Amino acid sequence: MAEYSPPRRLETNEIPKIVNDFRLAARNAIEAGFDGVEIHGAHGYLIEQFLKDEVNDRTDQYGGSIENRCRFALEIVEAISEEIGPERVGFKLSPFSDEQDSSDSNPEALGLYMANALNKFGIAYCHMVEPRMILVGERVEIPHSLSPMKKAFNNTFIVAGGYDREAGNKTVASSYTDLVAYGRNFLANPDLLKRFELDAPLNKYDRSTFYTPDPVVGYTDYPFCFFRLKK
């Protein structure tokens, strides 16, 4: 782990520059050839530090009420949508998570407020993470439901949280979500979609290689599954 300087609260007059940094990053992504961008408002990073009332202790227009705490996130959504088009934008949230000490006293209200607020911009999708994975490889059932958020959001709704093929299929079939996102299994299986289609066995991921600077090991060295082609 790297050593970081002590964190400090952003000055109110610094925030527009940070919003503009997100806008420029989105433009750079499109110019580099990406189809779109997903704004990361989850897992205790900067945007979620504004969203969650257990970590946001600001007293200006970005703190206090749920409307104020969501202001920064929505300003970023607006800036990026205007820059590259809302059809190229998604937003990721984890209202029930407490990663990096970022929790909220009323996550249901926070998730629902954001789902409704994002409709204003007409973005492509809303992606919400369920804290179903307490330990690596250990899924748990959670007492929370994303159904109200799914009903509130007008476009494609995506969930993630330690799903396998069977659980993902059941979740989509139940109309709990439109799509399921896969992270760890996709890292280890470059042909995950084909493996799911054929119900083929999966490569096991090696977590020790996650988030490392090695350009090969752990990201591009997992083998493809060989399928017999029909004549």
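## Ground rules

Axes here are lines fitted to C-alpha atoms, for helices over the stretch in contact, and angles between N-to-C directions run from 0 to 180 degrees. Helices (H or I, at least four residues) and strands (E, at least two) are DSSP runs numbered from the N terminus.

This is a predicted model, in which local features need pLDDT of at least 70 and side-chain atom pairs count only at pLDDT 80 or more, while totals for chains, interfaces and linings use all residues. Residues are numbered from 1 along each chain as its sequence is written, and side-chain values use heavy atoms, with hydrogens and water left out.

## Helix 1 against helix 3

Let us start with a pair of helices. The axes of helix 1 (residues 15-31) and helix 3 (residues 66-84) come within 9 Å and cross at roughly 35 degrees. Helix 1 supplies Ile15, Ile18, Val19, Phe22, Arg23, Ala26, Arg27 and Ile30 to the contact, and helix 3 supplies Phe72, Glu75, Ile76, Ala79, Ile80, Glu83 and Ile84; contact means heavy atoms within 4.5 Å.

By class, this contact has 11 nonpolar, no polar and four charged residues. Ala, Val, Leu, Ile, Met, Phe, Trp, Tyr, Cys and Pro count as nonpolar, Asp, Glu, Lys and Arg as charged, and the others, Gly among them, as polar.

Five strands form an open sheet in the order 1-2-3-6-7, with parallel pairing. Two strands pair if DSSP finds at least two bridges between them. Strand 1 and strand 7 (179-180) are the edge strands, each pairing on one side only.

Five bridges join strand 1 (residues 37-41) to strand 2: Val37 stands opposite Val89, and His40 has Lys92 as its bridge partner. Four bridges join strand 2 to strand 3 (residues 125-129), where Leu93 stands opposite Met128.

## How strand 2 is covered

Five of the five residues of strand 2 (residues 89-93) are buried, meaning under 20% relative accessible area, with exposed over 50% and partly exposed in between (1.4 Å probe, protein chains only). Val89, Phe91 and Leu93 lie on one side and Gly90 and Lys92 on the other, so both faces are covered.

## Two positive phi angles

Gln100, in the loop between strand 2 and helix 4, has a positive phi of about 55 degrees although it is not a glycine. Asp199 also has a positive phi of about 55 degrees without being a glycine, and is found in the segment after helix 8 (192-198). Asp199 counts as exposed because its relative accessibility is 53%.
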